[in-house]
Amino acid sequence: MTSGNSSGHRAHLAHHFSESSQQSESARMGMWIFILTEVLLFGGLFVAYTVYRSANPEMFYNAHKHLDIHLGTLNTIVLITSSLTMALAIRSIQLNDRKKSIKLLATTFALAAVFLIVKYFEYSHKFHLGQLPGKFYTYTGIEGSNPHIFFSVYFMMTGLHGIHVIAGMIAISWVMRITIQGRLSSEYYTPMELTGLYWHLVDMIWIFLFPLLYLIG
Amino acid sequence: MSGHSTHENRHVVSFKTYLATGTALLILTAATVGVSFIKLGGWNAIAAVGIACLKAILVAFVFMHLLYDKKIFLVIFSVAIIFLTIFLALTMFDILSRGEIYPDYEEPIEKNAVIYKKAEPAPTGEPVEDSTPKNH
């Protein structure tokens, strides 16, 4: 890792680090520990999902038919594409191509917005029908006991994921701003790299949410 | 390993690798949707989670650079997955064996809750309010 040129006084290098590579490695380690906590946060919801589905298998099957498979698939494609553009944005800044990196970040941001717009239409449809969590559930067209449990799980999981998408959009727009200001280059791109890690995590969680909620066979 | 490297000697993943990973993820998405329409019984859930794991591995190893980066990050991520598996497995051992101890486990938690009233057809000639005991 070390190339021996630690003498340069780079603006981004904090005094308690001897080199850029050490600083960036520490930052990435912090991000991975944060990702660990995020996995466990969503893990609790995945366990709740498994417990309720094992207790009400038929109800889960009947209730999942009320989710729109087309919109779910569309959102999966949108999020995977946004993950790809995010990875390519980091590649561009690694190669010092700032303009291309900004364009790719803007694409990632736009795709995240598309995801939320699709989610908005799905949510408003369910609000309209009364397919809501817990005591707010008023829909009567699903067979099996306790159909509100499915929608409690659905709204909790996709809702928490949606909050993460919004947080990701805030992070991406901030990284875009500092890239436009010229503060990132192939020498220092840690903020973009960490935002990328976060965004891929958001993608990864959706990869599990999609089949578990929309595609119960 | 092909490709460039940055000032910090960080590996720059080639455009082709990223594009191939993205394409693979989209193909696997199509596969998981396709498989869900085939009746496989219990295997449907296994196929869905299996494909999702494969996709997650692709994202983690290529997009999140676990394949190229320091191995300590892979260790940290694995710790998260291992503990999640323990959490899930031990919970399910508990949940799935409860029926042997509590026979009423299958029944709804609150039989008299408002939301279950409309699911049951009201007995003929009797008002709905009187058909279930008041619960205060």
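Author: A definition to start: a cavity is a set of grid points where a 1.4 Å probe fits but cannot get out, and its lining residues have an atom within 4 Å of a point. The model here is a predicted one.

Reader: Fine. How many cavities of 30 Å³ or more does the structure hold?

Author: Four cavities reach that size.

Reader: How much space lies in the second largest cavity?

Author: About 60 Å³.

Reader: Which residues line the second largest cavity?

Author: From chain A, the lining takes Arg28(A), Trp32(A), Ile90(A), Glu193(A), Gly196(A), Leu197(A) and His200(A). From chain B come Phe63(B), Met64(B), His65(B) and Asp69(B).

Reader: And which element gives the most to that lining?

Author: H6(A) does, with four residues. H1 and H6 of chain A each supply at least two.

Reader: What is the lining of the second largest cavity like by class?

Author: Five residues are nonpolar, three are polar and three are charged.

Reader: On to the charges. Which residues are linked in a network of salt bridges?

Author: Arg28(A), Glu193(A) and Asp69(B) are linked that way. The residues Arg28(A), Glu193(A) and Asp69(B) are also among those lining the second largest cavity.

Reader: What distance goes with the salt bridge of Asp69(B) and Arg28(A)?

Author: The side chains meet at 2.4 Å, N to O. This pair crosses between chains, with Asp69(B) in the loop between H2 and H3 of chain B and Arg28(A) in helix H1 of chain A.

Reader: And for Arg28(A) and Glu193(A)?

Author: That salt bridge is at 3.7 Å, N to O. Arg28(A) sits in helix H1 of chain A and Glu193(A) in helix H6 of chain A, so the bridge ties together parts 165 residues apart in sequence.

Reader: Is Arg28(A) buried or exposed, and why?

Author: Arg28(A) is buried, because its relative accessible area is 1%, and buried means under 20%. Asp69(B) counts as buried too, at 9% relative accessibility. Glu193(A) is likewise buried.

Reader: How many salt bridges does the structure hold over all chains?

Author: Four. One of them joins the side chains of Lys70(B) and Glu25(A), at 3.7 Å, N to O. That pair also crosses between chains, running from the loop between H2 and H3 of chain B to helix H1 of chain A.

Reader: How does Lys70(B) count on accessibility?

Author: Lys70(B) counts as partly exposed, because its relative accessibility is 33%.

Reader: Changing topic. How much space lies in the largest pocket?

Author: About 920 Å³. Its lining has 31 residues, and those nearest the centre are Phe208(A), Val49(B), Cys53(B), Leu84(B) and Leu88(B).

Reader: Which elements give two or more residues to the lining of the largest pocket?

Author: On the chain A side, helix H1 (20–55) and helix H6 (190–214); on the chain B side, helix H2 (43–63) and helix H3 (71–96).

Reader: Now the outside. Which residues form a nonpolar patch on the surface?

Author: Chain A contributes Met29(A), Ile33(A) and Leu40(A). Chain B contributes Ile72(B), Val75(B), Val79(B), Ile82(B), Phe83(B), Ile86(B), Leu90(B) and Phe93(B). Together they have about 990 Å² of accessible area.

Reader: Where does the largest share of the nonpolar patch come from?

Author: From H3(B), with eight residues. H1 of chain A also gives two or more.

Reader: Is Phe93(B) buried or exposed, then?

Author: Phe93(B), in helix H3 of chain B, is exposed, because its relative accessible area is 61%.

Reader: What about chain B as a whole, how many helices and strands?

Author: Chain B has five helices and zero strands, giving the pattern α-α-α-α-α along the sequence. Of its 136 residues, 29% are buried.

Reader: Last one, in chain A. Where is Ala89(A)?

Author: Ala89(A) is in helix H3 of chain A, residues 69–94. Its relative accessible area is 0%, so Ala89(A) is buried. From Ala89(A) to Ala106(A) there are 17 residues in sequence and 9.4 Å in space, C-alpha to C-alpha.

Terms used
Residues are numbered from 1 along each chain as its sequence is written. Chains are lettered from A and ligands numbered from 1 in the order in which they are written. This is a predicted model: local features need pLDDT of at least 70, side-chain atom pairs count only at pLDDT 80 or more; totals for chains, interfaces and linings use all residues. Side-chain values use heavy atoms; hydrogens and water are left out. On a 1 Å grid over the protein atoms alone, a cavity is a set of points where a 1.4 Å probe fits but cannot get out, and a pocket is an open set with protein on both sides within 12 Å along at least five of seven lines; lining residues have an atom within 4 Å of a point. Grid points are joined across faces, edges and corners, and a volume is the space filled by probe spheres set on the points. Ala, Val, Leu, Ile, Met, Phe, Trp, Tyr, Cys and Pro count as nonpolar, Asp, Glu, Lys and Arg as charged, and the others, Gly among them, as polar. Patches are made of residues with over 30% relative accessible area and no salt bridge: like charges are joined within 9 Å, nonpolar side chains (Val, Leu, Ile, Met, Phe, Trp, Tyr) within 5 Å. Accessible areas come from the Shrake-Rupley method with a 1.4 Å probe; for residues, only the protein chains shown count as cover. Buried means under 20% relative accessible area, exposed over 50%, partly exposed in between (1.4 Å probe, protein chains only).
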